[in-house]
Amino acid sequence: MDLQLGGVRQSDIAALARMSRDLIEVGLPWTWRRQRLVRALLRDDHVGAVLRGEAGIVGFCVMQLSIPAGSDAAGHAHLVLLAVDPAARRRGAGSRLVRWAEQTALVGGVRHVSLETRASSETARAFYRALGYREIRRVERYYSGREAAVVMGRELLGDAEINRARVRADALVADAITRALDDRRRGWATARE
Ligand SMILES: CC(C)(COP(=O)(O)OP(=O)(O)OC[C@H]1O[C@@H](n2cnc3c(N)ncnc32)[C@H](O)[C@@H]1OP(=O)(O)O)[C@@H](O)C(=O)NCCC(=O)NCCS
């Protein structure tokens with residue numbers, strides 16, 4: 001399955017809200033509706049990614065990032081939402097989204113990622129354990145006062161990994177700027193002809 005990872009588009013919001021209701025908040029009150037998603041994704045501290053297949057969205061994730069102000073301050077990333085279409089599971093889509101979130105956190109200098117999973121979801125807990133997350137504590141009645149959460153977290157790697165992530169990001173940004181300038185130059189050349 002060839003999946004493209006990309007940003008969240010406004011036209012994705014309705015589908016992401018439905019996935020939140022049907023795959024994440026199933027059996028609980030539906031809180032991640034369109035407006036809440038839009039509000040979150042318009043904030044400076046939230047980022048999201050979508051995995052698209054030929055038939056549409058296969059998975060998505062949303063993360064909140066607190067980026068440290070000084071180089072010594074500890075930042076924090078919170079994985080807020082993650083879901084993969086049931087038909088596409090166990091083929092690495094969920095892992096790809098978590099790795100994207102971790103890479104994004106590292107670029108921002110953030111080393112610690114945490115999240116809550118429903119205590120009843122053995123699948124989610126097994127999934128995060130497989131990706132190196134450990135169970136930190138249980139929070140009773142976390143979900144709408146009804147269901148317990150298990151907080152899980154992972155320390156990302158140290159300075160070397162952060163620097164490598166930044167170099168990769170810088171290279172991507174530099175490449176995008178070069179391409180944009182080339183496009184403009186080509187546009188000007190055509191305009192002068
Ligand atoms: C959790 C979820 C995102 C995993 O997505 P996925 O695309 O199936 O994940 P991957 O294919 O990357 O799985 C990676 C590894 O996690 C573990 N894993 C995933 N699903 C598992 C399951 N049902 N049982 C046991 N281990 C599982 C396995 O070790 C797996 O590797 P393997 O397939 O080589 O054995 C998906 O099941 C989902 O959307 N669940 C509902 C929503 C949810 O719980 N979200 C997370 C909390 S918000």
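1. Read along the sequence, the chain follows the pattern β-α-α-β-β-β-α-β-α-β-β-α. It contains 5 helices and 7 strands; here helices (H or I, at least four residues) and strands (E, at least two) are DSSP runs, numbered from the N terminus. The model is a predicted one, in which local features need pLDDT of at least 70 and side-chain atom pairs count only at pLDDT 80 or more, while totals for chains, interfaces and linings use all residues. Residues are numbered from 1 along each chain as its sequence is written.

2. The strands form an open sheet of 7 strands in the order 1-2-3-4-5-7-6, with mixed pairing. Two strands pair if DSSP finds at least two bridges between them. Strand 1 (4-7) and strand 6 are the edge strands, each pairing on one side only. From one strand to the next, the twist averages 25°; axes are lines fitted to C-alpha atoms, for helices over the stretch in contact, and angles run from 0 to 180 degrees between N-to-C directions.

3. In general, the strands of a sheet pair through backbone hydrogen bonds, either parallel or antiparallel. Strand 5 and strand 7 pair in the antiparallel sense, over 7 bridges. R118 has A149, in strand 7, as its bridge partner.

4. Helices also meet the sheet. Helix 3 packs on it, touching strand 1, strand 2, strand 3, strand 4 and strand 5, and its direction makes about 30° with that of strand 3. Helix 1 lies across strand 3 and strand 4, running at about 85° to strand 4.

5. Of the 193 residues of the chain, 25% count as buried. A residue is buried if 20 or more other C-beta atoms lie within 10 Å of its own, exposed if 12 or fewer, and partly exposed in between, with C-beta atoms placed from the backbone. The largest nonpolar core has 38 residues, and those with the most contacts inside it are F60, C61, M63, L79 and A101. Two or more residues of this core come from each of several elements, including strand 2 (46-53), strand 3 (56-66), strand 5 (112-118) and strand 7 (147-155). Such a core is a set of buried Ala, Val, Leu, Ile, Met, Phe, Trp, Tyr and Cys residues joined through C-beta atoms within 7 Å.

6. Leaving aside its neighbours within four places in sequence, C61 is in contact with G48, A49, L79, L81, L82, L97 and A101. Contact requires that the C-beta atoms of two residues, placed from the backbone, lie within 7 Å. Among contacts in the chain between residues at least 6 apart in sequence, 59% join residues at least 24 apart.

7. Around the ligand there are 20 residues, of which R89, G94, S95, A126 and A130 come nearest; a residue is near a molecule if its C-beta atom, placed from the backbone, lies within 6 Å of it. Helix 4 provides the largest share of this shell, 5 residues. Helix 1 (13-24), strand 4 (76-84), helix 3 (93-107) and helix 4 (122-130) each supply at least two. The shell divides into 11 nonpolar, 6 polar and 3 charged residues; Ala, Val, Leu, Ile, Met, Phe, Trp, Tyr, Cys and Pro count as nonpolar, Asp, Glu, Lys and Arg as charged, and the others, Gly among them, as polar.

8. Most residues other than glycine have a negative phi. R90, which is not a glycine, has a positive phi of about 60°. R90 is placed in the loop between strand 4 and helix 3, and R90 is exposed, with 10 other C-beta atoms within 10 Å. R141, also not a glycine, has a positive phi of about 50°. R141 lies in strand 6 (residues 134-143) and counts as exposed, with 10 C-beta neighbours inside 10 Å.
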